[in-house]
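Please look over the sequence and the model shown here before reading on. The paragraphs that follow lead from the classes of residue, through the fold, to the spaces inside.

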Amino acid sequence: MRLICRSIAMILLALAAVPASAESPRHYGVRAGVNLSAFTGSFGDLVEPDNRVAANVAFVYEYDFVPQLSLHTGVGYSGKGGVSHSQGTDPEGNPIGAFADTWSFEYLEVPLLMRGRMPVFGASRAFLELGPMLDFRISGKLGSETPGFPDESLTSRMNVFDLGFGAGFGLEIPAGPGRLGIETRYTHGFDDLFDTNGTLTTINQAWTFALSYTR
């Protein structure tokens, strides 16, 4: 995570050093925020997970078809999953308390969103965005606080690709040679993230709150 933050800081400095071009429809930038994720589906309905808090960081590319409409894409890291709770017992079967189980699903995420803009005050613009989300599996893990239960890798059981949709809104504010974005986005998978037949479905969903900077 330190390496990612350092890389984002270097990119921000590089963006600030590039001469601005008002005529170019292409824009580049970075985005950083947090995911609040709690998987759904029939398995999610059973365990009722709490939110897992994880990073969401990305390199951003935008192409303006017209000033009011653009393609918003890029590539980044998105941490998903959830936190469930289980009752631990001692060797005699006596309860010893509740323990948290963290389901960590890590993805390389590529959004393909259409972003529409409208002026709100001065040069600031509000936006809405909608489109498919392409998630490529990095890893999966179940970590438990229960004594005697080591972390369990879930990577081999997960589908390599998870298709979903994203919908979001936010505000873009002029900042130096570029624009600062304050963003909220909801993402939801279309299908079971696990490649296992005969099990309850587990479907990714997350709320993302982020800041972005583009030139």
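In what follows, Ala, Val, Leu, Ile, Met, Phe, Trp, Tyr, Cys and Pro count as nonpolar, Asp, Glu, Lys and Arg as charged, and the others, Gly among them, as polar. The model is a predicted one, in which local features need pLDDT of at least 70 and side-chain atom pairs count only at pLDDT 80 or more, while totals for chains, interfaces and linings use all residues. Residues are numbered from 1 along each chain as its sequence is written, and side-chain values use heavy atoms, with hydrogens and water left out.

The chain holds two helices and 10 strands, where helices (H or I, at least four residues) and strands (E, at least two) are DSSP runs numbered from the N terminus. Read from the N terminus, the order of these elements is α-β-α-β-β-β-β-β-β-β-β-β. Of the 215 residues in the chain, 43% are buried, that is, under 20% relative accessible area with a 1.4 Å probe and protein chains only. Among contacts (heavy atoms within 4.5 Å) with a separation of 6 or more, 64% join residues 24 or more positions apart.

Where is space left inside? A search of the whole structure finds four cavities of 30 Å³ or more, a cavity being a set of points on a 1 Å grid over the protein atoms alone where a 1.4 Å probe fits but cannot get out, with lining residues having an atom within 4 Å of a point. A volume here is the space filled by probe spheres set on the points, which are joined across faces, edges and corners.

The largest cavity holds about 90 Å³ of space, and among its 16 lining residues Arg31, Ala58, Glu109, Pro111 and Arg185 are the closest to its centre. Two or more lining residues come from each of β2 (52-66), β3 (69-89) and β4 (95-111), and β3 gives the most, with six residues. By class, this lining divides into eight nonpolar, five polar and three charged residues.

The second largest cavity has about 50 Å³ of space, and the residues that line it include Lys80, Glu109, Met133, Asp135, Asp162 and His188. Here the elements that give two or more residues are β6 (124-144), β8 (161-175) and β9 (178-189). In this second lining, two residues are nonpolar, five polar and four charged.

Technical notes:
Buried < 20%, exposed > 50% of the residue type's maximum accessible area, 1.4 Å probe, protein only. 1 Å grid on protein atoms, 1.4 Å probe; cavity = no way out; pocket = protein on both sides within 12 Å on 5 of 7 lines; lining within 4 Å.
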